[in-house]
Amino acid sequence: MNATPHFSQSYAEARDKFLAAARMRGAKLMHHVHPTERGAAREELSMDFALLGSADAAGLLLLISGTHGVEGFCGSGCQVALLHDPTFIAEVERSGIAVLMLHALNPYGFSHLRRVNEDNADLNRNFVDFGSPLPVNRAYAEIHSMLLPATWPPPGDSETRLNAWIAQHGRKAYQAAVSGGQYQYPDGLFYGGSKPAWSNQVLRGVLHQYVSHRALLGWIDIHTGLGPRGHGEKIYAGLDYAADVARTKAWWGDDVTSFLDGTSTSAPLTGINGTAAHDECPNAVFAGIALEYGTYPIEPILEAFRAEHWIHNHPKAPKAQRQEIKRNLRDMFYIDADDWKQMVYTQAVQGCMRAIDHLGETRIYA
Ligand SMILES: [Zn+2]
């Protein structure tokens, strides 16, 4: 199937395509419109849910796009293409499972071309217990002011100090310091937030209402920006439970990686969104992955993050500079080329089909 027409150039276009495709399939649609924010073109922002299949199916596959805003171009394209794919739809019907597609967990970031949300919060670092002491990322604290200096491009002396830090600690430690998540710098990179975000609360509510009574939950959260171009790394997306890791590998293969044991290209993270499945659906047996598609090497991607955060923190910067930085961020997370889209989609279908195979066996759990 040619998936490329189902990808979009803006959040608004992606949302329209998703809703049209879901209606065409007769899916049950739920909309959670953002209570305070509008999009870059002043459009409505919404977390949209499409539920396919039996309301009381024991097994449910949750397919998430746009956890990281701008990464939603990829996940949305896959969701819309799946809804148009007769083979996928036939398989859902044959298996008797339910599929819940969440379009744009972070619609603000999708529309405004940010990875983070309206609170500058990273929704894959936001699912921590804000009632307990928050994790402290000391390495990030050492380099925060070098990552986001007063001027952009960064001054030479600041870059020299940052490069000295990287040389001393290594690139792996640098990636972990920057991307692992931090809770002390609200204007910084990979900030986890100071409270459960709006998207966090909506996701939890929907999981509670539509998923918690199921026996089995399969979870695929589509991301971009790590790994080789067009390759989908299957990164375990749950908590540190051996049975869940083993089940996830049984479903998707031994090439499932995990930052828990150092096998993933991802650094160890705090506050991932899979936490919500554990909290809200304690009786559902869980298997889940982040499907992380490669675009470009990590160095230019981290540079693009830094620039976009800097421009966000400097609203009076020149318009041309802003447009260039925004455009570059989008291009770093969404390769607007047919071969990349087709590679991405092929692996998304494979991932869904494997999940459906196992979810369809839920009678043995009932
Ligand atoms: Zn991501």
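Predicted model: local features only at pLDDT ≥ 70, side-chain atom pairs only at ≥ 80, totals over all residues.
Residues are numbered from 1 along each chain as its sequence is written.

**Backbone**

I checked the phi of F190 and read a positive value of about 50 degrees, although F190 is not a glycine. I placed F190 in the loop between α7 (171–179) and α8 (198–210); helices (H or I, at least four residues) and strands (E, at least two) are DSSP runs, numbered from the N terminus.

I then turned to A104, another residue other than glycine with a positive phi, here near 70 degrees. A104 is found in the loop between β4 (98–103) and α4 (107–112), and A104 counts as buried because it has 28 C-beta neighbours inside 10 Å.

I also looked at the peptide bond between W152 and P153, which is cis, with omega about 0 degrees; P153 lies in the loop between α5 (138–147) and α6 (156–169). I wrote beside these entries that most residues other than glycine have a negative phi, and that most peptide bonds are trans.

**Domains**

I took the bounds from the domain assignment, which gives domain 1 (4–128 + 191–295 + 334–364) and domain 2 (138–179 + 300–329); such bounds come from an automatic or database assignment. The C-alpha centres of domain 1 and domain 2 lie 28 Å apart. The contact takes 7 residues from domain 1 and 8 residues from domain 2, where contact requires C-beta atoms, placed from the backbone, within 7 Å.

**Helices α2 and α13**

I finally looked up α2 (residues 72–84) and α13 (residues 338–359), whose axes come within 10 Å and cross at roughly 65 degrees; the axes are lines fitted to C-alpha atoms, for helices over the stretch in contact, and angles run from 0 to 180 degrees between N-to-C directions. In this contact, C74, G77, C78, A81 and L82 of α2 meet K341, V344, Y345, A348 and C352 of α13.

Note on methods:
Buried ≥ 20, exposed ≤ 12 C-beta atoms within 10 Å, placed from the backbone. Contact = placed C-beta atoms within 7 Å.
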